[in-house]
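Come and read along with me.

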Amino acid sequence: MGYLMLVQRSATELANAPKNSNAESGMEIKKNGNVYTLGMLPIGHSANVIVNNDNVTVKYDENTDGSGMGDKNGSKTYSKQELASKYASQKDEIDKVIKKYNLDSNSDTNNSNQQAAPTDFDEKNEAVLIYAKANGFDTLDISDNNTASMELSTTDNGRKTVGYGSDGDVQYQIDGNNVTYWTLDHSDDTPAYKQKMVEHTTTLSELKQEFYTADNQRQTVDIITDNMEEN
């Protein structure tokens, strides 16, 4: 449904497209944990659809300047409720796609919670990606006029805290590949010092896929980790 929303096509088209074919309308769908890669063949461009909790994030090749397509440089996020409402009438056709590509089977892949944690991450990488998940990647400021360094510290309760010393700071704990993080509840006008902490979950492999895949993402994260302060 996330892919259909992005490309504005019907589930019937997807169900009827030749599977893994060199035909002009051929379709390829692969599953790796909670990440689904979908692409029309043989054009070579595809979209990664990442299913995480209540959200579905679609990363796609976006032509930004007319010089060519980027490598998953575009991103849109939809809620599961939004998608279910829009595509309720197409459920039968969507079920055909799921069966056609064996997407409800875990025989050839691992559940995202069972995936090994990325081995190319250090503690600072992890902290920055968790902050990006909680506050949005666009809050990672590396502009020339930005003098604030992200800080990493440990709270009295043993959780790590990452942020800029504001109410956007994130507390988190990591267990293998699994990440639990806490943010302040900004849903109303309650002052920050009175707000409760809201618990969220994700995985390091999901964070890497979502925020550390494109070259510009890695460059941004690496600049921030190089300047990060530890307390």
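**Entry 1: the sheet**

I began with strand β9 (residues 178-184), which pairs with β10 in the antiparallel sense over seven bridges. For my records, two strands pair if DSSP finds at least two bridges between them, and helices (H or I, at least four residues) and strands (E, at least two) are DSSP runs, numbered from the N terminus. I picked out threonine 180 and found that its bridge partner in β10 is threonine 201.

This is a predicted model, where local features need pLDDT of at least 70, side-chain atom pairs count only at pLDDT 80 or more, and totals for chains, interfaces and linings use all residues. Residues are numbered from 1 along each chain as its sequence is written, and side-chain values use heavy atoms, with hydrogens and water left out.

Next I traced the sheet: it is open, has six strands in the order β10-β9-β8-β7-β6-β11, and its pairing is mixed.

Angles run from 0 to 180 degrees between N-to-C directions, and axes are lines fitted to C-alpha atoms, for helices over the stretch in contact; contact means heavy atoms within 4.5 Å. Helix α6 (residues 204-211) lies across β8, β9 and β10, running at about 80 degrees to β10.

I then looked at α5 with helix α7 (residues 215-226): they pack at an angle of about 120 degrees, their axes 9 Å apart. Lys124, Asn125, Val128 and Leu129 in α5 meet Val221, Asp222, Ile224 and Thr225 in α7.

**Entry 2: helix α4**

Which residues of α4 (residues 91-100) are buried? I found Glu93, Ile94 and Val97; buried means under 20% relative accessible area, exposed over 50%, partly exposed in between (1.4 Å probe, protein chains only). Seen down the axis of α4, they fall within an arc of 100 degrees, so they line one face of the helix. The arc is that of the directions from the helix axis to the C-beta atoms. Exposed Asp92 and Lys99 sit on the face turned away from the buried side. The cover over the buried residues includes α1 (2-7), α2 (11-16) and β1 (27-32).
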